[in-house]
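Dear colleague,

Please find the structure below, together with its sequence.

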Amino acid sequence: MVNFDNILKYLAVQAPLRAFSGEDFNATKMAVQEYTLPALPYAYNALEPHISAQIMELHHSKHHQAYVTNLNNALRLHVAAVGAGDIASQIEMQQVIKFNGGGHINHSLFWKNLAPAESEETKPEAAKELVAAVEKTWGSLDDFKNAFSSTLLGIQGSGWGWLVKDSANGLRIVTTKDQDPVVGRDVPVFGVDMWEHAYYLQYLNGKAAYVENIWNVINWKTAEERFLGTSEATKL
């Protein structure tokens, strides 16, 4: 279960809620730093033929932008509701922040864990320590891929599949519903968007083909950095 406090703490890594301190503190004066749509680290057509330029442009510039816009609006309304002591509006905005904040977090991580096929980043050799841990846990990289793919295809409705590192440095496959992000002590190593907007224009109802092809553009270099803690996995 993802709670509202976890979402706010996660978002605060990049743009914390700020308030005046000391005797001048006033909840109605709290300021919110706005989030912005992050630029992609590659061109819209860079992941073809596995993910089309049309999907990438719509997914990034329309869907992700909508999460950012709605998150900023909801944060402003939530701050206003706190200042006014409007509990009902605060509760209403918490759900909006949870959904859109999660959407912004998930997509920001997703773009960075993809890379053009055949690039050095997409070769498992770029993640020697991660692959060794995967093989220790699942027996082989292929066995892990099969398990992860099966988990993705088992998601009912909309959601995400993630490889995460837990607090004991173990690896697990988890899913999150709708736009719930990975929170708590789990570190997202890489994730795959299983919402229809991530694949439908290209693959139609062929979800299995999308899952098969996503492996060609997984950024193992970034996954290794997240696994080792040398990349700010929660930074948007």
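**Helix packing and the setting of one glutamate**

Helix α4 (residues 128-138) packs against helix α5 (residues 141-153) at an angle of about 75 degrees, and their axes lie 8 Å apart. The two are therefore roughly perpendicular to each other (65 to 115 degrees). On the α4 side the contact (heavy atoms within 4.5 Å) is made by V134, E135 and W138, and on the α5 side by L141, D143, F144 and A147. By class, this contact has five nonpolar, no polar and two charged residues; Ala, Val, Leu, Ile, Met, Phe, Trp, Tyr, Cys and Pro count as nonpolar, Asp, Glu, Lys and Arg as charged, and the others, Gly among them, as polar.

The model is predicted: local features need pLDDT of at least 70, side-chain atom pairs count only at pLDDT 80 or more, and totals for chains, interfaces and linings use all residues. Residues are numbered from 1 along each chain as its sequence is written, and side-chain values use heavy atoms, with hydrogens and water left out.

Helix α2 (residues 53-84) and helix α3 (residues 87-112) pack at an angle of about 145 degrees, with 8 Å between their axes. By class, the contact of α2 with α3 has 16 nonpolar, 14 polar and no charged residues.

E57 is placed in α2. This residue is partly exposed, with a relative accessible area of 42% (partly exposed lies between buried, under 20%, and exposed, over 50%, with a 1.4 Å probe and protein chains only). Leaving aside neighbours within four places in sequence, E57 is in contact with Y44 and K62. E57 and A43 are 14 residues apart in sequence, and their C-alpha atoms are 9.2 Å apart in space.

Key. Axes fitted to C-alpha atoms, helices over the stretch in contact; angles between N-to-C directions. Helix = DSSP H or I, 4+ residues; strand = E, 2+ residues; numbered from the N terminus. Parallel < 35°, antiparallel > 145°, perpendicular 65-115°, else oblique.
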